[in-house]
Amino acid sequence: MGHQEPDRVPFFLLLTMHGAKELGLGIREYFSRAENVAEGQLRMRDKYRHDCLYAFFYAALEIEAWGGDVVFYDDGPPNSAVPFLKDIDLIQELQPPLIEEAVCLHKVLDAIRIMKEKSGDEVPIIGVVMSPFSLPVMQMGFDKYIELIYERPDLFRRLMTVNSEFCANWANAQLEAGATAICYFDPVSSPTIIPRSTYLTTGFEVAKATLSRIKGPTATHMASGRCLGILDDLALTGTAAVGASVLEELAAVKAACRGKLTVLGNLNGIEMRTWTPEMAAGKVREAIAQAAPGGGFILADIHGEIPWPVSEEVLLAISDAVHTWGRYPIDTRELK
Amino acid sequence: MDKTPGQARKQLVDQLESALLSLNKIATRRLFEGAGLTPIEFAEEIFVPALERIGTGWEKGEVALSQVYMSGRICEDLLDEFITAGAEEPRDHPPMAIAVLMDYHMLGKRIVCSVLRASGFDLLDYGQVTVDDLVNKVRDDGIRILLVSTLMLSSALQVRHLRERLDAAGLDVKLVVGGVPFRFDDNLWREVGADATSPTAAGVVGIVKNLIGAMT
């Protein structure tokens, strides 16, 4: 994050459900206890020799805190069910859930505490929050939310005020529990989803206001959305890093971020399922060649959650490739 | 010098594209009402090309998904108003339906629905369904073209089971898939046994026209 070259390219395998495979548990059972997730993360860190512990359970956990329902699957991440905010006029009366009363969130804090106790300062522990600007996709449905942004600015502003309060409190609770940094998931801010002109009066303002209240470093993740068009704006929000997509040239993103933002990316998690170990190694070399020189780069996937079908063999191949080809100084000729 | 009909159409498409991208419902309505075309003619000759351009713009990263969605909705609302008022009959075509498989994210389905309806097609909206529900609905409604949207990879992989169940039931259905997983894995639509995919909603119009053409 210091925009200097360390000894090796850092890489974050943002694994969540794979911990269930490690422990031989179903996904729902795995996420039911903090101890499971902490143990899963520690085992995967040992196995894959990567550089973080990931305190992310699943995005819809925040919806549980708001009183919404979650659907569990045997082969994929838990997902938010029917949006709970069916009547937009209810936004006027909406209040943010209190972290101390949101029992479903406490297991995340406990998982962070366990990981911190067992790993100390060996690697960063990454907490996750949904941005106030992106959470409404689950709160009210994507289509209704887009309409709210354009057609009801009054209710949109009210919703952002409530969501921002929750987001900052939730991020700070994770930092107090021992998280090192917070991943601020904000795909709706991506130019893939809204034009920059709209972002500047919405997600940008929300990010500035929210990130300034978070008492630790943050990375802004677009969950596979583009970021090039708003990189200068993102740098002004106070975030320290940005997640890059495969939809844009990684080298171009890195060049635009140099000295301002650390780049996370850009392995395609969806496609990863079909990779051979040789293909995985090739993708790693390609990413390192494009973005590693000069530091300010962390190899990671583009979604912030590696899909369930991705095999252990591919994950090990990624790890081996980083350890083999990721030593600084990087000789890009060797990576071809 | 007077414009040729082709030049006049192109100008209308240019103006409509600009109006839609700035979400200008009033300007869109003025263009629609002042074009001197029937609603279905306007849908085919002006809406569809404009929405195709907007869809291509999104694929290239020049247009945002919110603009794609609102553009489709504006066009759909306008065409619905005229068709409901009896000013125009929708197209005649084999029964078509759209659904979201397994997950609860409806935006992609809404966009495709809007664009198809704005193009004069009629389709049933099954909402969020499981594979079993969908097979039953397709059979009961005699659906010949089924559009399936997914957000999650695990949902996209369920399309394989859907294909197998439809085939086992002897249902002659063309399957068009779309959504994030198909956008990030070029081969996924073939792998799950679909007949086609499109990265944009407007691209689905062309696919549907081709499928209908092959059926008649």
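Helices, here runs of at least four residues in H or I, are DSSP runs numbered from the N terminus. The legends below concern a predicted model.

**Figure 1. Helix α8 of chain B and the glycine that follows.** Helix α8(B) is followed by B:G170, a residue with a positive phi near 70°. Within the helix, which spans residues 159–168 of chain B, the residues B:V159, B:L162 and B:L166 are buried. Viewed down the axis of α8(B), these buried residues fall within an arc of 50°, so they line one face of the helix. B:D167 and B:A168, on the other side of α8(B), are exposed. The cover over the buried residues of α8(B) includes strands β1 (96–101), β3 (145–150) and β4 (174–179) of chain B, together with helices α6 (131–141) and α7 (153–157) of chain B.

**Figure 2. Packing of helices α5 and α8 of chain A.** Two packed helices are described by the angle between their axes and the distance between the axes. In chain A, the axes of α5 (residues 103–119) and α8 (residues 153–177) come within 8 Å and cross at roughly 30°. Angles under 35 degrees count as roughly parallel, and α5(A) is therefore roughly parallel to α8(A). The crossing of α5(A) with α8(A) is right-handed. On the side of α5(A), the contact is made by A:L105, A:V108, A:L109, A:I112 and A:R113, while α8(A) contributes A:W170, A:A173, A:Q174 and A:A177. Seven of the residues in this contact of α5(A) with α8(A) are nonpolar, one is polar and one is charged.

**Figure 3. Contact between chain A and chain B.** The contact takes 28 residues from chain A and 20 residues from chain B. On the side of chain B that touches chain A, the elements giving two or more residues are α4 (65–84), α5 (107–118), α7 and α9 (180–184) of chain B. Helix α4(B) supplies the largest share of that side, five residues. The residues on the side of chain B that touches chain A comprise twelve nonpolar, five polar and three charged.

**Figure 4. Two cis peptide bonds in chain A.** The peptide bond from A:G265 to A:N266 is cis, and its omega is near -15°. A:N266 belongs to strand β8 of chain A, which covers residues 262–267. Another cis peptide bond joins A:Y328 and A:P329, with an omega of about -5°. A:P329 is placed in the segment after α15 (312–325) of chain A.

**Figure 5. Positive phi at A:R49.** Although A:R49 is not a glycine, its phi is positive, at about 50°. The residue A:R49 is found in chain A, in the loop between helix α3 (34–48) and strand β1 (53–54). A:R49 counts as partly exposed because it has 14 C-beta neighbours inside 10 Å, and a residue is called exposed at 12 or fewer and buried at 20 or more.

**Figure 6. Positive phi at A:S224.** A:S224, a residue other than glycine, has a positive phi near 85°. The loop that holds A:S224 lies between strand β6 (218–221) and helix α11 (231–236) of chain A. With 25 other C-beta atoms within 10 Å, A:S224 is buried.

Methods:
Residues are numbered from 1 along each chain as its sequence is written. Chains are lettered from A and ligands numbered from 1 in the order in which they are written. This is a predicted model: local features need pLDDT of at least 70, side-chain atom pairs count only at pLDDT 80 or more; totals for chains, interfaces and linings use all residues. Axes are lines fitted to C-alpha atoms, for helices over the stretch in contact, and angles run from 0 to 180 degrees between N-to-C directions. Angles under 35 degrees count as roughly parallel, over 145 as roughly antiparallel, 65 to 115 as roughly perpendicular and the rest as oblique. A crossing is left-handed if the near helix is turned anticlockwise from the far one by less than a right angle, and right-handed if clockwise. Two residues are in contact if their C-beta atoms, placed from the backbone, lie within 7 Å. Ala, Val, Leu, Ile, Met, Phe, Trp, Tyr, Cys and Pro count as nonpolar, Asp, Glu, Lys and Arg as charged, and the others, Gly among them, as polar. The arc is that of the directions from the helix axis to the C-beta atoms.
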